[in-house]
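Hi,

Here is the structure I promised to pass on. My notes on its pockets follow below.

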Amino acid sequence: MTITKINCYKLFIPLKEPFVISLGPLYNAESVIVKIETDADITGWGECSPFMSINGESAGTGLVVAKYLEKALLGKNPLNIAARIADMDAVIYANRSIKSALDMALYDIAAKHAGLPLYKFLGGEKNKVIATDYTVSVGAPAKMAADAVKIKEQGFPVIKVKIGKSGPQDVERIKAIRDAVGYAIPLRVDANQGWAVDEAIETLKALEPFNIQHCEEPVARWNFMELPKIKAQSPIPLMSDESCCDQHDAKRLIDLKACDRINIKLGKSGGIYNALQMIQLAEAAGMGIQIGAFLESRLAMTAFAHLALCSPNIVYFDFDTALMFSEDPVEGGMIYKEHGIIEVPDAPGIGAVVKAAFLKQE
């Protein structure tokens with residue numbers, strides 16, 4: 001089998017309301033959709049949602065870099081995924097977001113060729129319930145508390161809270177949320193690199209009474225050498241996100257004993273191929289894993305859900321952002337059910353495609 005054609009499209013969909021994190025507000029979902037065609041009449045679909053302040057890419061840069069990567073992939077065997085990843089890495093350093101979309105499309109082709117849903121192709125089984133959290137944007141405590149109540153009333157099993165905008169104010173935010181929703185529903189917090197080191201330690205200690213499941217990325221990603229110090233003093237488990245992009249980052253953080261858990265996102269890792277190596281490292285370390293997302297549609301989100309079924313260490317699921325879209329551009333794919341539960345398709349491959357009306361080349 002050989003790759004005969006690669007098309008890339010920009011997907012732009014406004015969000016229902018702004019999504020606000022410590023790094024700034026987001027008003028639209030901007031993705032790159034990848035479609036790889038082969039001479040075996042098997043087509044693979046992939047998607048990435050570049051995040052400029054995290055992976056240094058945009059949809060625009062992704063479309064440009066994809067042209068370079070296309071030249072390295074055309075005429076090659078899509079089933080030899082390791083070689084195709086090496087081809088892309090030989091062309092250009094980093095650019096993991098756009099590489100992840102191409103990687104995803106290659107896995108879609110390989111799983112379809114094998115006649116298996118992606119989770120089975122990856123060695124997974126439907127042996128656990130996947131239920132996503134839902135996220136509260138950072139803002140005024142009263143507004144955050146009201147949003148948290150809505151999430152609880154909708155039946156989501158976990159509330160994720162964006163903080164990282166002044167430690168003392170973040171404590172007020174969490175207190176307001178707990179006063180509004182009680183203590184039965186789990187809370188996760190994500191500082192998105194928003195605190196200084198001492199501020200992180202003080203804030204995490206102050207948050208102890210509020211029964212927090214874990215805290216993601218308390219300090220700047222480049223300051224990872226301070227994470228062991230923070231972890232040693234924190235009563236709340238730490239999850240590395242922005243500081244844990246690929247398998248090399250994961251090994252470094254595990255060796256440093258810098259975190260309790262890791263958050264794997266394909267847009268950071270460069271795709272499924274590298275993410276599988278991260279999962280193996282976390283399994284060997286006995287470490288819990290979250291599969292997370294940026295602002296992808298249900299196409300990529302379905303691939304994330306398939307991946308989430310491939311390891312018993314993957315126990316945290318952050319798949320809510322596709323629910324924030326004002327329109328759904330995807331046919332097939334995973335289904336959001338009551339209480340945040342996600343049903344993963346059993347069709348060969350990822351089991352999702354983008355509707356033709358949304359495919360606009362630039």
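The second largest pocket has a volume of about 260 Å³. Its lining counts 14 residues, with Leu26, Glu30, Pro50, Phe51 and Met52 closest to the centre. Strand S2 (24-38) and helix H1 (52-55) each give two or more residues to this lining. S2 gives the most, five residues. By class, this lining has nine nonpolar, four polar and one charged residues.

Now the largest pocket. About 410 Å³ of space lies in it. It is lined by 20 residues, and Glu17, Tyr134, Thr135, Lys143 and Asp147 lie nearest its centre. Strand S1 (3-21), strand S4 (134-136) and helix H6 (141-153) each give two or more residues to that lining. The classes here are 11 nonpolar, four polar and five charged residues. Domain 1 (3-116) and domain 2 (121-354) each supply at least three lining residues.

How to read this: the model is predicted, local features need pLDDT of at least 70, side-chain atom pairs count only at pLDDT 80 or more, and totals for chains, interfaces and linings use all residues. Residues are numbered from 1 along each chain as its sequence is written, and side-chain values use heavy atoms, without hydrogens and water.

Terms:
- Pocket: on a 1 Å grid over the protein atoms alone, an open set of points where a 1.4 Å probe fits, with protein on both sides within 12 Å along at least five of seven lines.
- Lining residue: has an atom within 4 Å of a point.
- Volume: the space filled by probe spheres set on the points, which are joined across faces, edges and corners.
- Helix and strand: DSSP runs, H or I of at least four residues and E of at least two, numbered from the N terminus.
- Classes: Ala, Val, Leu, Ile, Met, Phe, Trp, Tyr, Cys and Pro are nonpolar, Asp, Glu, Lys and Arg charged, the others, Gly among them, polar.
- Domain: bounds come from an automatic or database domain assignment.

Best wishes
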